[in-house]
Each structure stands twice: as structure tokens, then as C-alpha cells.
Amino acid sequence: MRSNVIEVRHLSKAFGTNVVLKDINFGVARGSVTTVIGASGSGKSTMLRCINLLEKATGGEILYDGENILEKGVNPAEYRSKVGMVFQSFNLFDNMTVLENCMIGMTKVLRIGKDEARKNAMYYLEKVGMAPYINAKPRQLSGGQKQRVAIARALAMEPDVLLFDEPTSALDPQMVGEVLQIMRMLAREGLTMIVVTHEMAFAREVSNHVIFMANGVIVEEGSPEDIFGNPKDSRTKEFLARVIER
């Protein structure tokens with residue numbers, strides 16, 4: 001049985017009086033793919049941002065390799081080098097080339113020398129099919145290309161876990177496939193991933209574990225066969241009927 005690399009226990013998050021997450025509990029096995037589905041506004045992205053320390057949780061625990069990362073003394077930059085994130089809006093530095101975007105985390109956070117950082121960056125850019133564009137600036141790239149660079153940048157940190165926050169929702173439909181293809185490859189290679197996504201076919205195909213959220217709570221979770229093939233809760237059934245019919 002695979003051990004859990006991430007454990008979320010009784011996680012809550014409120015913005016003032018607006019409670020966005022209520023008593024969230026789940027574990028992520030090392031080498032597994034966990035997908036998080038649900039309607040917009042259900043708390044999926046906020047949960048991911050709490051796991052990445054981009055939002056401060058109101059209560060609960062987030063354990064990474066058994067250590068509660070919400071306790072004082074945790075260095076967020078160091079933690080994020082192990083638990084990386086790929087954003088919906090790419091978050092590339094516009095004034096840097098593709099290669100520089102992929103090197104900066106390694107040189108600034110991991111303190112890797114420039115030659116080694118360049119070599120590592122080239123390896124991961126090659127892996128995602130973006131090596132021919134190393135001297136381009138983000139504005140010269142399509143959305144799909146930007147997202148592949150963002151994935152290469154995250155992989156170059158050699159993280160234990162990679163979080164994906166709706167990585168295809170800002171892309172034109174024809175660009176979605178190329179990004180999902182990279183993610184399928186990473187899943188096959190055994191990278192631990194937590195993916196917030198609206199791509200139901202992808203979630204069904206690559207997940208080991210699926211979480212359905214609504215109104216800030218986990219309504220139902222289980223294998224893709226359970227959630228997509230035999231959902232128990234009426235809210236899960238209703239959501240899937242709506243999104244799969246479209």
C-alpha cells in the first residue's frame with residue numbers, strides 16, 4: 001500500500017464571514033493522481049492554494065511527509081520547491097525568455113549554479129516539446145505553449161508533488177489536448193499530482209482518486225469507476241449529468 005505524501009485534516013478557510021472550505025479531509029498517496037471536480041465556486045482552487053501556502057488556512061492541518069506545514073517555522077519557498085503548482089494563468093515572467101523562466105527557481109530557491117540550471121531547464125523543456133522556443137518571450141507563445149513552459153518550470157524544481165489549478169481552462173479548445181498529453185505522460189511516469197479540472201474524460205482516464213466538491217465540502221470521493229460510473233450522492237449525479245451532457 002502506498003503511503004500518503006499529503007494529508008489534509010479538518011481544513012477550513014474563511015474570508016471574513018464567508019466560509020469557503022469546511023472540514024476538508026483527504027490523503028494523497030505517493031505516485032497517485034488525485035483529481036478534484038465540482039462547479040465553479042465550490043472551493044477547489046482555494047483548497048489547492050491552501051495546500052501551496054498561497055492562502056492561509058483558517059483551521060486544520062496539512063501534512064507533507066508527516067509534517068504539518070501550517071505550523072510556524074516552515075519556509076514557504078522551500079516547501080513550494082517540493083510541492084509545486086501550475087496555474088490557470090501560467091504566471092510566467094513576461095520580461096524573461098522561456099529558458100530564463102525555467103532557470104530562475106533553480107538558481108534563486110535551490111541555489112543551483114547557472115550551468116546546471118540551464119542543463120536541467122533544457123531537459124524539461126525538451127520533455128514538454130518547448131526546446132525550440134528557449135529564446136522566445138511569453139508574449140510570442142500561444143496559450144498551450146505558455147502552459148507547457150509553466151509545467152517545465154515546475155518540473156525543473158524536481159518536486160515530490162505537483163498541483164494543477166485548472167491548467168487547461170484558459171486555453172483555446174485546440175490547445176487543451178497538447179497540455180493534457182503532457183499531464184498523461186507525467187501520470188504514467190508516477191509523478192504525484194493533485195489536479196483541479198473541468199476535463200471529465202481526462203479525470204476519468206488518469207485518476208487513481210476523484211474528489212467531488214460542492215459548497216466548500218467534499219461531497220463524495222472514490223475511484224474514477226465509483227464517481228463516474230456509480231455516484232452515490234444526488235449532487236454528484238446532478239453535476240456529472242450537467243457537465244457530461246454538454
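A residue is called buried when its relative accessible area is under 20%, exposed when that area is over 50%, and partly exposed in between, with a 1.4 Å probe and protein chains only. By this rule K44, with a relative accessible area of 3%, is buried. The structure is a predicted model, in which local features need pLDDT of at least 70 and side-chain atom pairs count only at pLDDT 80 or more, while totals for chains, interfaces and linings use all residues. Residues are numbered from 1 along each chain as its sequence is written, and side-chain values use heavy atoms, with hydrogens and water left out.

The description begins with the strands. Helices (H or I, at least four residues) and strands (E, at least two) are DSSP runs, numbered from the N terminus. Two strands pair if DSSP finds at least two bridges between them. Four strands make up an open sheet in the order 2-1-4-5, with antiparallel pairing. Strand 2 (18-29) and strand 5 (67-68) are its edge strands, each pairing on one side only. Strand 1 (residues 4-15) is joined to strand 2 by eight bridges, the two running antiparallel, and N4 stands opposite A29 in strand 2.

The interior comes next. A nonpolar core is a set of buried Ala, Val, Leu, Ile, Met, Phe, Trp, Tyr and Cys residues joined through side-chain atoms within 4.5 Å. The largest such core has 44 residues, of which L125, V149, I151, F164, L186 and M193 touch the most other members. Among the elements that each supply at least two residues of this core are helix 3 (98-108), helix 4 (114-127), helix 5 (143-156), strand 7 (161-165) and helix 6 (173-188). Helix 6 gives the most, with nine residues. Where contact means heavy atoms within 4.5 Å, V149 touches L92, V98, C102, L125, M130 and L141, leaving aside residues up to four places away in sequence. A second, separate core of 29 residues includes V8, V28, A57 and I69.

A salt bridge is a side-chain nitrogen of Lys or Arg within 4 Å of a carboxyl oxygen of Asp or Glu, and the whole structure contains nine of them. In one, the closest N and O atoms of D65 and R30 are 2.7 Å apart. This pair links distant parts of the chain, 35 residues apart: D65 is in the loop between strand 4 (59-64) and strand 5, and R30 is in the loop between strand 2 and strand 3 (33-37). R30 also forms a salt bridge with D160, the closest N and O atoms being 3.8 Å apart. Because D160 lies in the loop between helix 5 and strand 7 and R30 in the loop between strand 2 and strand 3, this pair ties together parts that are 130 residues apart in sequence.

The salt bridge between E166 and K44 has its closest N and O atoms 3.9 Å apart. E166 lies in the loop between strand 7 and helix 6 and K44 in helix 1 (residues 44-51), so the pair ties together parts 122 residues apart in sequence. E166, at 11% relative accessibility, counts as buried.
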